[in-house]
Amino acid sequence: MGFYEEKARQPALSFRMIPAMRDNAFTRNLFLIPVLALVLAAAYLPVMGNGFAWDDDIHILDNPLWKPVSWESIERVWQAPYLNLYIPVTYTGWALLSLASSEQDPDTGEYTFDPRLFHAVNLVLHFLCTALVFLLVRSLFQNPWGAFFAALLFGLHPVQVEAVAWASELKTLLCGLFFLASLVLLAAFHRAQKGRAALYVLAVASFALALLSKPMAVVAPLFVLVIQHFFFDVRPRKNLFLALPWFALMVPLMVLTASAQPPGPEQFIPGLLQRVLVAGDAAAFYTVHLFAPFQLGLDYGRTPEWVLSRPWASVAWLLPTVLVLVLWRLKARAWPFLGAYLIFLLGFSPVSGLVPFVFQRISTVADRYMYFAMLGPALAAGYFLTRQNRRGVFVGAAVVLCVLGGLSFAQT
C-alpha cells in the first residue's frame, strides 16, 4: 500500500484554535518561517559570545591562505584537496568571512579574526537549513503546522548545537543547506505539473554543491531512494533511475576523499566483523542520544579499541536492529516511521565505523555527525502530527520543544 493511499484513509487534520491552520495554501503559511527564525535565535543566542575552538586554528586563525585572502588562495582550494579535504565551497566561505572579519596589526603584521561574524553566519545557515526542513516536510505531508513542529525538532535538538556553535562546522551547515535544498527541489519535482525537468536539474546541481562543501553529502543518494520509496511510492526501477545522477556525482568524490584521507599509519584498523560491531554501537549511541540528549560533548573518546573492549559491544547493534524489525513488522501503520528511522541511520553511516576514518583515533561518534540524520526524526514527527487532531498532542509537542530549546541554550 502506498503512503498516500494509506494517508487518504486517515481522518483529515482539523485545527480549531487558529483558522489559518485549515488552509493549506503555501503563501498563507510563510509567516511560520520568521517564527522559526525567532525561536532559533532565542535558543542559540549565547553563540554570539563564543570564541574560536578546536580546529578553528587550522582552518581559520593560522591558515596561511587567509593572511591575507587573495584570488590565488581561493584558486588553490578549488584546484586540489587542501588539509586532506576537498571542500572548495566551504573554503571559499571561510575566505570571504576571513576577509570581512580580519584586522592586521600595523606593528607586528599579525592578523586577528572576529569570531562573531563566523558564529552569526553559522546561525543564519542553521536557520536556513531548518526552514528547508519545514518546506520539505510540508511538501511531503501537506500540513504546515506538522511541518512547523517537525522543523523545530530539527532546529532545536541539542545534538545540533555542535554544528552551529563551532566555527569550523561551517562545512556541515553549508553542506546541509545545499543537501536539504536538493531534497526540497526533488519533492517539488514529484509534486509539479510543469517545469519538472528544470526542478530535477536544479536538485542535482544543488547536490553537487553539497558534495563540494563536505564529503558527508554522499548520503544524499540514499536519502533520495528512501524518500522516493517511502513517501512518494516510486517503484524500485524508476526510483533507482531517478537517483542515478546522485550516485554518479557521489562516486568520484568518495574516491577523492578516500585518497586524501587515508587512515594514519599508527591508527587501529578493526577487522570487518569488528567494524560491524563498532557501527552497531554508534547506531545505538545515536539512538539513545536522540531520545536522551544529555551529557553531550566534543570528545566522547569512543574509539574502536574502547568500544570493542566493552562487554556490550557484541549486543549494542540489537537496539537499532530491533527497532527496524518492529517498524517493518507493523507494515502500513509504521511505514513512514520506518523510512524516517532509515534516514536517521543512513545520515551518519559514512562515519559509523564501517569504513575507517581519521577522526576515529579520537572517537567514532560525535554530535555533528547527527546533523543530517536529524532529518529522520523531523519526518517522523511531521507525519505523526499530521495524523493528530487533538490539541493536547500539540501542547505536549510544544512542551518537549521548549525543553529541547532550553537544553540547546545551555549547551550553546
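Buried means under 20% relative accessible area, exposed means over 50%, and partly exposed lies in between. The exercises below use these cut-offs on a predicted model.

**Exercise 1. Decide whether Glu169 and Lys171 are buried or exposed, then find what joins them.**

Step 1. Glu169 has 1% relative accessibility, so Glu169 counts as buried.
Step 2. Lys171 has 13% relative accessibility, so Lys171 counts as buried too.
Step 3. Their side chains meet in a salt bridge, 3.3 Å from N to O.

**Exercise 2. Find which other lysine pairs with Glu169, and where the two partners sit.**

Step 1. The partner is Lys214, with the closest N and O atoms 3.7 Å apart.
Step 2. Lys214 lies in the loop between α10 (196–211) and α11, while Glu169 lies in the loop between α8 (161–165) and α9 (170–191).
Step 3. Widen the view: Glu162, Glu169, Lys171, Lys214 and Arg368 form a network of salt bridges. The structure holds 8 salt bridges.

**Exercise 3. Classify the two residues of the salt bridge between Asp233 and Arg235.**

Step 1. The closest N and O atoms are 3.9 Å apart.
Step 2. Asp233 has a relative accessible area of 28%, so Asp233 is partly exposed.
Step 3. Arg235 has 58%, so Arg235 is exposed.

**Exercise 4. Check the length of helix α7 and say how enclosed this helix is.**

Step 1. Helix α7 covers residues 144–156, which is 13 residues.
Step 2. At 1.5 Å a residue, the helix should span 18 Å. The end C-alpha atoms are 18 Å apart, which agrees.
Step 3. 13 of the 13 residues are buried, so α7 is largely enclosed by the rest of the structure.
Step 4. Look at the N-terminal end: Asn143 caps α7, with a side-chain oxygen 3.3 Å from the backbone nitrogen of Trp145.

**Exercise 5. Locate Tyr44 and list some of its contacts.**

Step 1. Tyr44 is in the loop between α2 (32–43) and α3 (56–61).
Step 2. Its relative accessible area is 0%, so Tyr44 is buried.
Step 3. Beyond four places in sequence, the contacts of Tyr44 include Leu123, Gly155, Leu156, Ser408 and Thr412.
Step 4. Tyr44 and Gly155 are 111 residues apart along the chain, yet their C-alpha atoms are separated by 10.0 Å.

**Exercise 6. Decide where to read the model with care.**

Step 1. The average pLDDT is 88, and 92% of the residues score at least 70.
Step 2. Over residues 1–25, pLDDT stays under 50.
Step 3. Where pLDDT is low, the predicted coordinates should not be read in detail.

Methods
Residues are numbered from 1 along each chain as its sequence is written. This is a predicted model: local features need pLDDT of at least 70, side-chain atom pairs count only at pLDDT 80 or more; totals for chains, interfaces and linings use all residues. Side-chain values use heavy atoms; hydrogens and water are left out. Helices (H or I, at least four residues) and strands (E, at least two) are DSSP runs, numbered from the N terminus. The expected span of a helix is 1.5 Å times one less than its number of residues. Buried means under 20% relative accessible area, exposed over 50%, partly exposed in between (1.4 Å probe, protein chains only). A polar contact is a pair of N or O atoms within 3.5 Å; within protein, one must be able to donate a hydrogen and the other to accept it, and residues adjacent in sequence count only if both atoms are side-chain atoms. Contact means heavy atoms within 4.5 Å. pLDDT is the predictor's confidence in each residue, from 0 to 100. A salt bridge is a side-chain nitrogen of Lys or Arg within 4 Å of a carboxyl oxygen of Asp or Glu.
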